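Thanks for coming, everyone. Please take a look at the model on the screen, and then we will go through a few of its helices.

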Amino acid sequence: MKGWTIFLHSVQLVLRNFDMAMRITLVLYLVQAAYHVVAFMAAPRGGDVSIFAPSDPAYDGLLLLLGLGTIISSLWMAVAWHRYVLLEEQPVGWLPRWQGSRILGYLGRSILIGLLIGLSLAVTVGVLVFVPFLRVLVLPGMVLAGSYFFFRLGVMLPAGTVDQKLTLAESWSATRDKDGAIVVLALIMAVGSFLLQVPSLVSGNPHSPLTLVYNLVTGWFATMIGISILTTLYGHYVQGRPID
């Protein structure tokens with residue numbers, strides 16, 4: 001199945017280039033890890049005393065700062081990884097080159113796609129809720145619909161990082177007649193995301209330091225595979241690169 005082939009190719013992109021993936025993302029991902037660690041330290045855990053109080057202005061300011069850093073570092077990581085895979089652009093040292101205009105463009109296109117996905121989810125929920133025997137499908141329906149539209153439209157994200165400006169219509173057209181592969185990808189991501197959460201759910205202590213470390217490690221892999229899927233979709237369906 002093409003969807004499974006695209007997924008495997010994306011995973012292999014990360015594994016085959018693991019050293020470069022670490023060079024591109026390690027420092028930037030540490031910013032995101034710091035955000036989760038600070039949030040973890042303020043989370044109530046039984047009778048433990050938190051290092052930060054959630055109402056502490058210092059905590060709120062630090063969390064806000066790290067939250068902004070997380071957004072910027074996520075965009076920075078995505079742009080750098082797309083450009084490495086598509087253009088073989090390598091970082092000098094352990095931090096990829098800052099590309100402000102491309103990062104800003106990536107943010108703008110992500111917001112646009114997010115708004116359209118939100119609209120599609122509203123329609124999906126509206127249809128399912130008003131058909132009684134379909135209400136049980138609301139949550140999985142939202143996940144699948146959101147993933148489907150994201151993968152259909154998301155090829156415009158890596159395109160922008162290599163200075164090919166795709167419109168929403170062009171992105172949709174590039175993945176026309178690829179519904180089978182896109183649906184398979186959406187199913188894989190939905191099932192994979194659930195499976196990654198199973199250890200935390202069955203551990204009996206979702207707020208333990210071990211769970212935090214597990215979530216940070218699996219979160220990095222999930223992020224990189226997700227970025228790689230978009231890269232593969234763009235490279236294969238827009239640029240015509242082989243993946244078999």
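First, a term: angles under 35 degrees count as roughly parallel, over 145 as roughly antiparallel, 65 to 115 as roughly perpendicular, and the rest as oblique. The axes are lines fitted to C-alpha atoms, for helices over the stretch in contact, and the angles run from 0 to 180 degrees between N-to-C directions. Helices are DSSP runs of H or I, at least four residues, numbered from the N terminus.

Two notes on the source. This is a predicted model, where local features need pLDDT of at least 70, side-chain atom pairs count only at pLDDT 80 or more, and totals for chains, interfaces and linings use all residues. Residues are numbered from 1 along each chain as its sequence is written, and side-chain values use heavy atoms, with hydrogens and water left out.

Start with H8, residues 179–202, and H9. Their axes come within 10 Å and cross at roughly 170°. H8 and H9 are therefore roughly antiparallel to each other. Contact means heavy atoms within 4.5 Å. On the H8 side, the contact residues include Leu185, Met189 and Pro199. On the H9 side, they include Tyr214, Ala222 and Leu233.

Next, H2. This helix covers residues 18–42 and bends by about 50° at Thr25. That bend is the angle between axes fitted to the seven residues ending there and the seven starting there. Thr25 is also one of the buried residues of H2, along with others including Ile24, Leu28 and Phe40. Buried means under 20% relative accessible area, exposed over 50%, partly exposed in between, with a 1.4 Å probe and protein chains only. What covers these buried residues? Helix H3 (57–87) and helix H9 (209–238) are included.

How do H2 and H9 pack? Their angle is about 140°, and their axes are 10 Å apart. H2 and H9 are therefore oblique to each other. Thr25 of H2 takes part in this contact, and so does Trp220 of H9. The residues divide into 13 nonpolar, 4 polar and no charged.

Last, His82, which lies in helix H3. Is His82 buried or exposed? His82 is buried, with a relative accessible area of 0%. Among the residues that His82 touches are Tyr106, Pro158 and Ile227.

Definitions and conventions: Helix = DSSP H or I, 4+ residues; strand = E, 2+ residues; numbered from the N terminus. Nonpolar A, V, L, I, M, F, W, Y, C, P; charged D, E, K, R; others polar. Lists of a residue's contacts leave out its neighbours within four places in sequence.
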